[in-house]
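Me: I am new to this protein and would like to get to know it one question at a time. Could you show it to me first?

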Amino acid sequence: MFASVLFNDINKAAFDVMKDGYSFDQKTSLKTSCCGYNMSLEAKNFTSSLSGKFAVDFKPFTYLAVKKLSIENTGAAVLDFDIPNFIRGTTFMFRSQGDAFTHDVKKATCGLKYMSECFSGDVNFDVLSQKINSSAVLAHNNFMIGCKVEGTKDAITSFDAALAFCYKECVLSAASINNHTAIDTAVYAKPFKNVKVGADCIFSLTESKNPLIAFGMCMNPTMSSELRTKVGSDGKLYGYYKTTISKNISLAVTGAVDYNNMFSGSHKIGMAVEMRI
């Protein structure tokens, strides 16, 4: 049985199976939590252009939640915060990106969302581009239907709709994308307690070309490890493995093999070490 979600989160579990974890950076992160503040310090790409980032999230008041406050050594900064339940079921959202060195604002979006068991909706306004988007989703028993509209103050530029059906631990969805120029179908299933599978297929409605197909699997061999594999729409085979080395240290490795051209040198590998204190 469905509970309503925002339009962009319809069958999100299927896409998460094929997206979460995979990273081809060489990354080390240090995380800690203290007095309600969750902080992380990250460094990556030691062999090329070294970059670092500090991020924190916290909730200082009942009606204020700082979802992300971060700054990188390049000056890139992010400030995202919510004002939750100021009116029951509603959340005011603010999202911004900019350059801390030049004080340039690259993104400033404010919005409002409403969530309940059977209905959810949101509206967002991009201050810089003067664009607005709004969506609504209705859930009832095993069915969910939603639509999303994007535009400017002068005209509607995009309209898309989605439909989803769930049966036990399986979810099937179909949605129009890119202003109904393509259909994106996705399937999510959890056949076993520690196994999840997801698949995605995009059909173009305006061009005569083969559909883009991707599918993947995620499983937990043990309580402290995670294994993922997928075949991407680019024809590459991906693999991801994460394990806990000790109580506060985990290691993750990601790899990709290009079976279309084994000798092209396009194979990739990434590694991440996470320490928590």
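This is a predicted model: local features need pLDDT of at least 70, side-chain atom pairs count only at pLDDT 80 or more; totals for chains, interfaces and linings use all residues.

Me: Is D16 buried or exposed?

Reply: Buried means under 20% relative accessible area, exposed means over 50%, and partly exposed lies in between (1.4 Å probe, protein chains only). K12, with a relative accessible area of 37%, is partly exposed. D16 has 15% relative accessibility, so D16 counts as buried.

Me: Which residue is linked with K12 and D16 in a network of salt bridges?

Reply: The structure holds eight salt bridges. Some of them form a network that links K12 and D16 with K19.

Me: How many residues apart are K44 and D25, a pair that links distant parts of the chain?

Reply: K44 and D25 form a salt bridge, their closest N and O atoms being 3.8 Å apart. K44 sits in strand 2 (residues 37-44), D25 lies in the loop between helix 1 and strand 1 (26-34), and the two are 19 residues apart.

Me: Now to the strands: which residue in strand 9 stands opposite F119?

Reply: Two strands pair if DSSP finds at least two bridges between them. Strand 8 (residues 119-126) runs antiparallel to strand 9 (residues 131-140), joined to it by eight bridges. Their hairpin has four residues between the strands, and Q130 takes a positive phi near 60° there. The residue in strand 9 opposite F119 is L138.

Me: Which side chain does N124 join through a polar contact of 3.1 Å?

Reply: N124 is in strand 8, and it counts as buried because its relative accessibility is 14%. Leaving aside neighbours within four places in sequence, N124 is in contact (heavy atoms within 4.5 Å) with residues including M93, T109 and I132. A polar contact is a pair of N or O atoms within 3.5 Å; within protein, one must be able to donate a hydrogen and the other to accept it, and residues adjacent in sequence count only if both atoms are side-chain atoms. The 3.1 Å polar contact joins the side chain of N124 to that of D122.

Me: How many bridges join strand 11 to strand 12?

Reply: Strand 9 is joined to strand 10 by 10 antiparallel bridges, and strand 10 pairs with strand 11, again antiparallel, over nine bridges. In the hairpin of strand 11 and strand 12, K168 takes a positive phi near 55°. Strand 12 covers residues 170-177 and runs antiparallel to strand 11, and the bridges that join them number six.

Me: Which strand gives the largest share of the nonpolar patch?

Reply: Patches are made of residues with over 30% relative accessible area and no salt bridge: like charges are joined within 9 Å, nonpolar side chains (Val, Leu, Ile, Met, Phe, Trp, Tyr) within 5 Å. Here Y114, F119, L138, F143, I145, L163, F165 and Y167 make a nonpolar surface patch of about 770 Å², with areas from the Shrake-Rupley method with a 1.4 Å probe, where for residues only the protein chains shown count as cover. Strand 10 (143-152) and strand 11 (156-167) are the elements that give two or more residues to this patch. The largest share, three residues, comes from strand 11.

Terms used:
Residues are numbered from 1 along each chain as its sequence is written. Side-chain values use heavy atoms; hydrogens and water are left out. A salt bridge is a side-chain nitrogen of Lys or Arg within 4 Å of a carboxyl oxygen of Asp or Glu.
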